[in-house]
Amino acid sequence: MDLAIYPHKLQGTVTPPPSKSQAHRAIICAALAEGESLILNLQLSQDIHATLNCMRALGAEAAEHGGIITGANARRGKMRPLPELDCCESGSTLRFLIPIALVVAGGGVFSGRGRLMERPQRPYRELFQERGIRFERRNGKIEVEGELQPGTFRIAGNVSSQFITGLLFALPLLEADSDIVLTTELESAGYIDSTIVAQKLFGVTVERTETGWHVPGNQHYRAAKGPVMIDADYSNAAFYIIANGLGNDIQVCDMNPMTCQGDKIIVEQEALLDQPGEVVIDVRQCPDLVPALAGRAALRDGQVTKIVNAARLRIKESDRLDTVTTELNKLGAKVEQTPDSLIITGVKQLHGGVVNSHNDHRIAMMLAMVASAATDRVILQDAGSVAKSHPGFWEHYYRLGGQFSIWD
């Protein structure tokens with residue numbers, strides 16, 4: 001779907017969708033638990049559908065809307081044939097479930113779409129090969145098979161926290177204790193915190209150590225004692241928050257300031273960008289905020305913004321350092337990229353043009369917000385990519401006064 005977006009001030013109130021990050025974790029814990037759990041404020045984006053469907057393939061049951069989940073027996077043993085797990089375009093689903101599938105089913109055959117199956121899985125491949133577990137890429141799929149044994153798992157903390165979360169989910173189900181030892185500095189620490197918080201709600205504990213985490217074995221996930229509420233998502237709220245710095249007037253509602261979401265730092269970062277002078281933002285702990293931050297920085301007239309430590313953005317749904325640079329510059333921005341950063345010299349205004357989301361939901365939402373402040377019409381190709389995390393985005397945009405039409 002391509003849209004023509006016309007300059008128009010956005011104003012009003014909006015509640016962002018539920019946290020995709022929290023929802024993945026709650027669904028997985030509930031699906032591994034003994035008994036029935038109720039998850040509230042769950043929105044079925046494409047990524048969440050993927051996790052629900054994969055947990056069903058591993059034996060869990062879930063209501064059609066996904067909110068009521070009856071857990072599978074997490075010690076069911078080998079499944080033959082190996083379960084087929086379609087992760088769509090969800091990196092979280094893929095990386096979280098690889099270790100879980102080994103424990104629950106003896107392995108699995110993982111598939112996906114877009115750039116998902118191209119994304120690096122080296123930490124798992126190396127860990128599993130050391131332990132005699134088969135890990136193969138074949139015909140665009142990943143096949144894993146074997147028995148995951150307790151022990152010490154040495155893993156880098158600066159590739160993706162998703163690998164660590166996958167191990168944290170699986171290791172408590174083993175018969176003895178395990179340790180996860182970091183070999184580099186940890187990035188995206190907030191996502192690990194979110195994992196441990198979710199596990200605690202379902203009766204599983206993990207202990208932080210000086211070098212990583214100690215994971216007691218022989219644990220059991222248990223149904224949550226009460227409803228599990230998913231907070232509104234700061235990663236998606238970021239686009240509404242930065243829109244105000246572009247001349248809009250949006251009140252973002254129902255955000256939990258006490259949430260464990262690391263991306264709540266967007267509130268502080270937006271305040272920095274509202275001030276004059278050069279701003280340097282380190283995104284090691286919040287890489288998903290880069291498109292929103294770059295869109296806001298593009299209109300800091302005459303001011304320089306440096307977004308640093310962002311190399312991981314090159315292996316997301318798109319190469320986000322490149323797509324941010326390419327698409328904003330089409331509209332008259334001044335963005336330069338380095339291997340791991342963006343240097344943005346703000347301009348007074350952006351003009352119209354034709355831009356592309358590159359099938360990346362965060363690029364699409366960023367371009368929609370800057371289009372509201374452009375001087376002419378912006379044609380956004382592949383605008384439907386927002387459905388990956390925020391299916392209601394265009395409805396919200398319209399209710400806030402956004403003006404757009406289908407472009408043929």
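This is a predicted model: local features need pLDDT of at least 70, side-chain atom pairs count only at pLDDT 80 or more; totals for chains, interfaces and linings use all residues.
**Exercise 1. Work out how many cavities of 30 Å³ or more the structure has, then describe the lining of the largest cavity by residue, element and class.**

*Solution*

Step 1. Start with the count: searching the whole structure turns up 3 cavities of 30 Å³ or more.

Step 2. Now go to the largest cavity, which holds about 400 Å³ of space.

Step 3. List who's around it. The lining has 29 residues, and S92, Q162, Y191, D288 and K316 sit nearest the centre of the largest cavity.

Step 4. Sort by class. You get 14 charged, 10 polar and 5 nonpolar residues in the lining of the largest cavity.

**Exercise 2. Find the volume of the second largest pocket, then say which element supplies the largest share of its lining and how the lining splits by class.**

*Solution*

Step 1. Get the volume first: the second largest pocket comes out at about 170 Å³.

Step 2. Pick out the lining. There are 14 residues, and Q22, V197, L201, V228 and M229 are the closest to the centre of the pocket.

Step 3. Check the elements. At least two lining residues come from each of α1 (20-32), α6 (189-201) and β14 (228-229). The largest share belongs to α6, with 4 residues.

Step 4. Finish with the classes: the lining of the second largest pocket has 9 nonpolar residues, along with 3 polar and 2 charged ones.

How values were computed: Residues are numbered from 1 along each chain as its sequence is written. Side-chain values use heavy atoms; hydrogens and water are left out. On a 1 Å grid over the protein atoms alone, a cavity is a set of points where a 1.4 Å probe fits but cannot get out, and a pocket is an open set with protein on both sides within 12 Å along at least five of seven lines; lining residues have an atom within 4 Å of a point. Grid points are joined across faces, edges and corners, and a volume is the space filled by probe spheres set on the points. Ala, Val, Leu, Ile, Met, Phe, Trp, Tyr, Cys and Pro count as nonpolar, Asp, Glu, Lys and Arg as charged, and the others, Gly among them, as polar.
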